[in-house]
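User: Can you walk me through how this one is put together? I'd like to go piece by piece.

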Amino acid sequence: MILLTRAGCGMCTVALEQLRGICADFGIEPQARDVDEAAATDPALRAEFGDRLPVVLLDGREHSYFDVDEVRLRADLSR
């Protein structure tokens, strides 16, 4: 699971903490990826997601943005 973030984004900080709590219940650690830093090698990432951060990617697909959809995420991680 990857959380797309941007430096200085308060919502991103809150989302990462929330993800850490949820993921701990499943024995996984979420990874944070700054879209601005990633733009050097993957400009499409920032172009696609940069205007609606934070974005949760689960198995490489967008799962939620702005807020972590905890109920849906827990259900998807339980599968």
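Analyst: A term first: buried means under 20% relative accessible area, exposed over 50%, partly exposed in between (1.4 Å probe, protein chains only). Helices (H or I, at least four residues) and strands (E, at least two) are DSSP runs, numbered from the N terminus. This is a predicted model, where local features need pLDDT of at least 70 and side-chain atom pairs count only at pLDDT 80 or more, while totals for chains, interfaces and linings use all residues. Residues are numbered from 1 along each chain as its sequence is written, and side-chain values use heavy atoms, leaving out hydrogens and water.

User: Which residues of E3 are buried on its two sides?

Analyst: In a regular strand, side chains alternate between the two faces of the sheet. Here both faces of E3 are covered. One side has Val-55 and Leu-57 buried, the other Val-56 and Leu-58.

User: Which residue in E4 is the bridge partner of Val-56?

Analyst: E3 and E4 pair in the antiparallel sense over four bridges (pairing takes at least two DSSP bridges between two strands). Within E4, the partner of Val-56 is Ser-64.

User: Why do the buried residues of H4 lie on the same side?

Analyst: In H4 (residues 70-78), the buried ones are Leu-73, Asp-76 and Leu-77. They share a side of H4 because they cover an arc of only 95 degrees around the axis, taken from the directions from the helix axis to the C-beta atoms.

User: What do those buried residues of H4 pack against?

Analyst: Contact means heavy atoms within 4.5 Å. By that cut-off, the buried residues of H4 pack against strands E3 (55-58) and E4 (61-65) and helix H1 (10-24).
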